[in-house]
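Colleague: I'm new to this one. Could you put it on screen and walk me through it?

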Amino acid sequence: MKDCVRTPTRGKSVKDDWRAWLPEAKAHLFRNQVHQLESNYVMLSVSLDEAIELEQMGQPGKSQQAVGITSSLCKLLTQTLGGLLRALSEHAKHYGTIPNAVPLDPANFQGQRGQRSARMSSLLNHVLLSQRLQFSIN
């Protein structure tokens with residue numbers, strides 16, 4: 001399969017795009033980015049879980065120390081994610097591509113507030129934003 005040459009095509013849906021075949025170099029880059037984001041997310045999650053657990057155990061001093069670490073870990077995650085989004089935006093501008101996107105599905109949210117936010121996001125997505133503006137990053 002590595003020796004096969006396939007022309008990447010845009011899918012008809014987001015699901016098609018997510019399941020599409022990637023050339024080996026792009027697949028390698030994708031796996032590296034996923035690994036970086038997952039690592040940063042896990043480190044932040046573990047730190048936050050520890051801080052919450054320490055607070056629940058009645059150790060507010062140690063909890064505050066653990067929270068102090070989360071700021072740097074959150075910054076690391078957001079910088080990595082921001083860089084990835086900027087790169088995708090620049091790629092879209094350079095090649096004139098517009099990614100497939102779907103609005104949030106209210107059924108994926110348990111609370112009324114989350115469902116209401118998803119419905120509002122969907123409404124704003126359809127009413128206010130053109131396809132190109134949906135992906136622009138300022």
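Modeller: Helices (H or I, at least four residues) and strands (E, at least two) are DSSP runs, numbered from the N terminus. This is a predicted model, where local features need pLDDT of at least 70, side-chain atom pairs count only at pLDDT 80 or more, and totals for chains, interfaces and linings use all residues. Residues are numbered from 1 along each chain as its sequence is written, and side-chain values use heavy atoms, with hydrogens and water left out.

Colleague: How many helices and strands are there in the protein chain?

Modeller: Five helices and zero strands. Along the sequence the pattern reads α-α-α-α-α.

Colleague: What should helix 2 span, going by its residues?

Modeller: Helix 2 covers residues 24-56, which is 33 residues, so it should span 48 Å. Its end C-alpha atoms are 47 Å apart, which agrees.

Colleague: And what about the span of helix 3?

Modeller: Helix 3 runs over residues 60-95. With 36 residues it should span 52 Å, and its end C-alpha atoms are 52 Å apart, so that agrees.

Colleague: What comes just after each of them?

Modeller: Gly 58 follows helix 2, with a positive phi near 80 degrees.

Colleague: At what angle do helix 2 and helix 3 pack?

Modeller: About 160 degrees, with the axes 8 Å apart. Axes here are lines fitted to C-alpha atoms, for helices over the stretch in contact, and angles run from 0 to 180 degrees between N-to-C directions.

Colleague: Roughly parallel or roughly antiparallel, then?

Modeller: Helix 2 and helix 3 are roughly antiparallel to each other. The cut-offs: under 35 degrees is roughly parallel, over 145 roughly antiparallel, 65 to 115 roughly perpendicular, and the rest oblique.

Colleague: Left-handed or right-handed crossing?

Modeller: The crossing of helix 2 and helix 3 is left-handed. That term applies if the near helix is turned anticlockwise from the far one by less than a right angle; clockwise makes it right-handed.

Colleague: Which residues of helix 2 are buried?

Modeller: Ala 27, Leu 37, Asn 40, Leu 44, Ser 45, Ser 47, Ala 51 and Leu 54. Buried means under 20% relative accessible area, exposed over 50%, partly exposed in between (1.4 Å probe, protein chains only). The buried residues of helix 2 pack against helix 3.

Colleague: And which are buried in helix 3?

Modeller: Among them are Ser 63, Leu 73, Leu 77, Thr 80 and Ala 92. Across the protein chain, 16% of the 138 residues count as buried.

Colleague: What does Thr 80 touch?

Modeller: Thr 80 touches Gln 36, Leu 37 and Asn 40, leaving aside residues up to four places away in sequence. Contact means heavy atoms within 4.5 Å. Thr 80 is buried because its relative accessible area is 16%.

Colleague: How far apart are Gln 33 and Thr 80?

Modeller: They are 47 residues apart in sequence and 8.8 Å apart in space, C-alpha to C-alpha. Gln 33 lies in helix 2 and is partly exposed at 27%.

Colleague: New topic. How many salt bridges does the count come to?

Modeller: Two. The rule is a side-chain nitrogen of Lys or Arg within 4 Å of a carboxyl oxygen of Asp or Glu. Side chains of opposite charge can pair when their charged atoms come close.

Colleague: Which side chains meet at 3.3 Å?

Modeller: Glu 24 and Arg 31, N to O. Glu 24 is partly exposed at 44%, and Arg 31 is partly exposed at 44%.

Colleague: And what does Lys 93 pair with?

Modeller: Lys 93 forms a salt bridge with Glu 90, with the closest N and O atoms 3.7 Å apart. Both lie in helix 3, three residues apart, about one turn of the helix. An α-helix has 3.6 residues a turn, so residues three or four places apart point the same way. Lys 93 is exposed at 54%, while Glu 90 is partly exposed at 47%.

Colleague: Last one. Where does Phe 109 lie?

Modeller: In the loop between helix 3 and helix 4 (112-127). Phe 109 is partly exposed, at 30%. Leaving out residues up to four places away in sequence, Phe 109 touches Leu 104, Gly 114, Gln 115 and Ala 118.

Methods
The expected span of a helix is 1.5 Å times one less than its number of residues.
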